[in-house]
Amino acid sequence: MKGFTMVEMLVSLGIITVITAIVLYGQQNFNRSLVLVDTSYTIAFTIRQAQSLGLSSKRFRNIQNAGYGVHFASTPGTTYTLFADSLPSAPGNDQGGKCAGHTILSGLDSKPGNCVYDSSAENVTVYTLNKGFAVASFCGVDTAGTQRCSGSYLDSLDITFLRPNTQASIIGVRAGAIIELVSATIHVASPDGAQERCVQVTRVGQVAVGNCP
(Lines give C-alpha, C1' and ligand atoms only; values in the text may rest on other atoms or scores of the structure.)
Protein backbone atom coordinates (compact mmCIF):
# COMPACT_ATOMS: atom_id res chain seq x y z
CA MET A 1 0.00 0.00 0.00
CA LYS A 2 1.52 3.23 -1.14
CA GLY A 3 1.59 6.39 0.99
CA PHE A 4 0.86 9.94 -0.10
CA THR A 5 3.17 11.49 -2.61
CA MET A 6 4.43 15.01 -1.92
CA VAL A 7 2.05 16.46 -4.53
CA GLU A 8 -0.97 14.66 -3.07
CA MET A 9 -0.04 15.87 0.41
CA LEU A 10 0.27 19.48 -0.75
CA VAL A 11 -3.09 19.28 -2.54
CA SER A 12 -4.73 17.83 0.58
CA LEU A 13 -3.22 20.52 2.78
CA GLY A 14 -4.37 23.18 0.33
CA ILE A 15 -7.96 21.88 0.38
CA ILE A 16 -7.95 21.74 4.18
CA THR A 17 -6.59 25.30 4.36
CA VAL A 18 -9.27 26.64 2.00
CA ILE A 19 -12.09 24.88 3.88
CA THR A 20 -10.75 26.13 7.23
CA ALA A 21 -10.53 29.70 5.92
CA ILE A 22 -14.12 29.54 4.62
CA VAL A 23 -15.40 28.20 7.94
CA LEU A 24 -13.51 30.82 9.96
CA TYR A 25 -14.68 33.66 7.70
CA GLY A 26 -18.26 32.46 7.93
CA GLN A 27 -18.00 32.21 11.71
CA GLN A 28 -16.58 35.73 11.94
CA ASN A 29 -19.43 37.10 9.82
CA PHE A 30 -21.96 35.24 11.94
CA ASN A 31 -20.45 36.56 15.17
CA ARG A 32 -20.35 40.09 13.75
CA SER A 33 -24.02 39.86 12.80
CA LEU A 34 -24.94 38.71 16.30
CA VAL A 35 -23.07 41.59 17.93
CA LEU A 36 -24.60 44.06 15.48
CA VAL A 37 -28.13 42.90 16.31
CA ASP A 38 -27.35 42.93 20.04
CA THR A 39 -25.95 46.48 19.80
CA SER A 40 -29.03 47.68 17.91
CA TYR A 41 -31.35 46.18 20.52
CA THR A 42 -29.31 47.76 23.31
CA ILE A 43 -29.91 51.18 21.74
CA ALA A 44 -33.61 50.38 21.31
CA PHE A 45 -33.87 49.28 24.96
CA THR A 46 -32.22 52.53 26.06
CA ILE A 47 -34.89 54.49 24.18
CA ARG A 48 -37.52 52.33 25.87
CA GLN A 49 -35.86 53.07 29.21
CA ALA A 50 -36.11 56.81 28.53
CA GLN A 51 -39.78 56.32 27.68
CA SER A 52 -40.41 54.47 30.94
CA LEU A 53 -38.52 57.03 33.04
CA GLY A 54 -40.18 59.98 31.31
CA LEU A 55 -43.70 58.65 31.64
CA SER A 56 -43.16 57.73 35.29
CA SER A 57 -41.64 61.17 35.97
CA LYS A 58 -38.75 59.68 37.91
CA ARG A 59 -36.99 62.21 40.13
CA PHE A 60 -33.58 63.32 38.83
CA ARG A 61 -31.33 64.57 41.61
CA ASN A 62 -33.46 67.30 43.21
CA ILE A 63 -35.63 67.85 40.13
CA GLN A 64 -39.15 66.53 39.72
CA ASN A 65 -41.20 66.26 36.49
CA ALA A 66 -38.20 66.22 34.15
CA GLY A 67 -38.53 64.35 30.88
CA TYR A 68 -36.00 61.72 29.84
CA GLY A 69 -34.40 61.22 26.48
CA VAL A 70 -31.61 59.72 24.39
CA HIS A 71 -29.08 61.96 22.65
CA PHE A 72 -27.12 61.07 19.51
CA ALA A 73 -24.36 63.30 18.12
CA SER A 74 -22.93 63.01 14.63
CA THR A 75 -19.46 62.66 16.15
CA PRO A 76 -17.86 60.55 17.49
CA GLY A 77 -20.64 58.04 16.76
CA THR A 78 -19.33 55.53 19.28
CA THR A 79 -21.28 56.97 22.22
CA TYR A 80 -24.85 57.99 22.99
CA THR A 81 -26.41 59.42 26.14
CA LEU A 82 -29.44 58.71 28.28
CA PHE A 83 -30.29 62.09 29.81
CA ALA A 84 -32.78 63.82 32.06
CA ASP A 85 -34.22 66.88 30.34
CA SER A 86 -33.64 69.18 33.34
CA LEU A 87 -32.12 72.25 31.64
CA PRO A 88 -33.01 75.02 31.52
CA SER A 89 -34.54 74.78 34.96
CA ALA A 90 -37.15 77.48 34.25
CA PRO A 91 -40.38 75.93 32.91
CA GLY A 92 -42.11 76.96 29.70
CA ASN A 93 -39.34 76.17 27.18
CA ASP A 94 -41.56 74.66 24.49
CA GLN A 95 -39.23 75.55 21.58
CA GLY A 96 -41.94 77.48 19.76
CA GLY A 97 -44.41 74.61 20.05
CA LYS A 98 -41.94 71.91 19.01
CA CYS A 99 -41.58 70.64 22.59
CA ALA A 100 -44.99 69.59 23.82
CA GLY A 101 -45.79 69.70 27.53
CA HIS A 102 -43.70 72.71 28.49
CA THR A 103 -46.31 75.45 28.32
CA ILE A 104 -47.24 75.55 32.02
CA LEU A 105 -45.16 78.18 33.80
CA SER A 106 -45.84 77.42 37.46
CA GLY A 107 -47.35 74.88 39.81
CA LEU A 108 -47.04 71.12 40.15
CA ASP A 109 -47.46 70.53 36.42
CA SER A 110 -44.73 72.95 35.34
CA LYS A 111 -41.71 71.19 33.91
CA PRO A 112 -38.06 72.08 33.26
CA GLY A 113 -36.21 71.23 30.06
CA ASN A 114 -36.57 71.94 26.37
CA CYS A 115 -36.61 68.51 24.65
CA VAL A 116 -32.93 68.71 23.69
CA TYR A 117 -29.69 67.68 25.36
CA ASP A 118 -27.91 70.74 26.77
CA SER A 119 -24.86 69.56 28.72
CA SER A 120 -23.28 66.75 30.72
CA ALA A 121 -25.16 68.08 33.77
CA GLU A 122 -28.17 66.21 32.35
CA ASN A 123 -26.32 62.88 31.96
CA VAL A 124 -27.89 59.78 33.43
CA THR A 125 -25.72 57.25 31.56
CA VAL A 126 -23.25 57.58 28.70
CA TYR A 127 -23.07 54.40 26.64
CA THR A 128 -19.99 53.47 24.61
CA LEU A 129 -20.14 51.08 21.68
CA ASN A 130 -17.24 48.60 21.61
CA LYS A 131 -15.33 46.48 19.12
CA GLY A 132 -15.59 49.03 16.31
CA PHE A 133 -19.37 49.12 16.14
CA ALA A 134 -20.81 52.61 15.76
CA VAL A 135 -23.83 54.74 14.99
CA ALA A 136 -22.89 55.36 11.38
CA SER A 137 -25.64 57.94 10.84
CA PHE A 138 -29.10 59.00 11.91
CA CYS A 139 -31.97 60.44 9.91
CA GLY A 140 -35.35 61.97 10.59
CA VAL A 141 -38.40 62.99 8.60
CA ASP A 142 -39.54 66.54 9.35
CA THR A 143 -43.13 67.78 9.46
CA ALA A 144 -42.96 68.71 5.77
CA GLY A 145 -42.03 65.13 4.81
CA THR A 146 -38.37 65.91 4.04
CA GLN A 147 -35.75 63.43 5.21
CA ARG A 148 -32.80 64.98 7.02
CA CYS A 149 -29.69 63.02 7.93
CA SER A 150 -26.59 63.55 10.03
CA GLY A 151 -23.62 65.12 8.33
CA SER A 152 -25.40 67.29 5.80
CA TYR A 153 -28.59 68.27 7.65
CA LEU A 154 -28.38 67.24 11.32
CA ASP A 155 -25.71 67.73 13.97
CA SER A 156 -27.58 65.83 16.67
CA LEU A 157 -30.77 63.94 17.40
CA ASP A 158 -32.76 63.92 20.65
CA ILE A 159 -35.67 61.59 21.43
CA THR A 160 -37.43 62.56 24.66
CA PHE A 161 -40.50 61.48 26.62
CA LEU A 162 -42.40 63.65 29.08
CA ARG A 163 -45.40 62.82 31.26
CA PRO A 164 -48.34 62.84 30.55
CA ASN A 165 -47.60 62.73 26.81
CA THR A 166 -47.37 59.20 25.43
CA GLN A 167 -45.84 60.52 22.22
CA ALA A 168 -42.13 61.00 21.69
CA SER A 169 -40.64 64.40 21.05
CA ILE A 170 -38.13 63.89 18.23
CA ILE A 171 -35.89 66.89 17.69
CA GLY A 172 -33.02 67.40 15.29
CA VAL A 173 -30.50 70.20 15.72
CA ARG A 174 -28.57 71.84 12.89
CA ALA A 175 -26.23 74.75 13.63
CA GLY A 176 -28.26 75.53 16.74
CA ALA A 177 -31.60 75.51 14.91
CA ILE A 178 -34.35 73.22 16.23
CA ILE A 179 -36.05 70.92 13.69
CA GLU A 180 -39.20 69.04 14.65
CA LEU A 181 -39.24 65.48 13.33
CA VAL A 182 -42.06 62.94 13.10
CA SER A 183 -39.79 59.87 12.99
CA ALA A 184 -36.14 58.93 13.33
CA THR A 185 -33.88 56.14 12.12
CA ILE A 186 -30.56 55.30 13.79
CA HIS A 187 -28.15 53.35 11.56
CA VAL A 188 -25.86 50.99 13.50
CA ALA A 189 -22.89 49.65 11.51
CA SER A 190 -20.38 46.83 11.86
CA PRO A 191 -16.67 47.75 12.12
CA ASP A 192 -16.09 47.26 8.38
CA GLY A 193 -19.29 49.11 7.48
CA ALA A 194 -20.50 46.13 5.45
CA GLN A 195 -23.50 45.39 7.66
CA GLU A 196 -26.12 47.71 9.15
CA ARG A 197 -29.18 47.42 11.36
CA CYS A 198 -31.57 50.27 12.03
CA VAL A 199 -33.45 51.38 15.11
CA GLN A 200 -36.63 53.15 14.04
CA VAL A 201 -38.64 55.46 16.32
CA THR A 202 -41.95 57.10 15.53
CA ARG A 203 -43.62 60.04 17.23
CA VAL A 204 -46.32 57.76 18.66
CA GLY A 205 -43.60 56.05 20.69
CA GLN A 206 -43.03 52.90 18.64
CA VAL A 207 -39.45 51.58 18.72
CA ALA A 208 -38.36 48.78 16.37
CA VAL A 209 -35.14 47.13 15.18
CA GLY A 210 -34.84 45.82 11.65
CA ASN A 211 -33.18 46.08 8.27
CA CYS A 212 -32.29 49.57 7.13
CA PRO A 213 -34.51 51.17 4.51
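Which side chain makes a polar contact with the side chain of H187? The partner is E196, at 3.3 Å. A polar contact is a pair of N or O atoms within 3.5 Å; within protein, one must be able to donate a hydrogen and the other to accept it, and residues adjacent in sequence count only if both atoms are side-chain atoms. This is a predicted model: local features need pLDDT of at least 70, side-chain atom pairs count only at pLDDT 80 or more, and totals for chains, interfaces and linings use all residues. Residues are numbered from 1 along each chain as its sequence is written, and side-chain values use heavy atoms, with hydrogens and water left out.

**H187**
- H187 sits in strand β8, residues 177-189; strands are DSSP runs of E, at least two residues, numbered from the N terminus.
- H187 counts as buried because its relative accessibility is 11%; buried means under 20% relative accessible area (1.4 Å probe, protein chains only).
- Leaving out residues up to four places away in sequence, H187 touches A134, V135, A136, S137, C139, E196, R197, C198 and C212, with contact meaning heavy atoms within 4.5 Å.
- N211 is 24 residues from H187 along the chain, and their C-alpha atoms are 9.4 Å apart.

**Strand β7 and its partners**
- Strand β7 (residues 169-174) is largely enclosed by the rest of the structure, because five of its six residues are buried.
- β7 pairs antiparallel with β6 (residues 156-161) over five bridges; pairing requires at least two DSSP bridges.
- In that pair, I159 stands opposite I170 of β7.
- β7 and β8 also run antiparallel, joined by five bridges, and V173 stands opposite I178 of β8.

**The turn**
- Two residues separate β7 and β8 in a hairpin.
- A175, in the turn, has a positive phi of about 50 degrees.

How values were computed
Helix = DSSP H or I, 4+ residues; strand = E, 2+ residues; numbered from the N terminus. Buried < 20%, exposed > 50% of the residue type's maximum accessible area, 1.4 Å probe, protein only.
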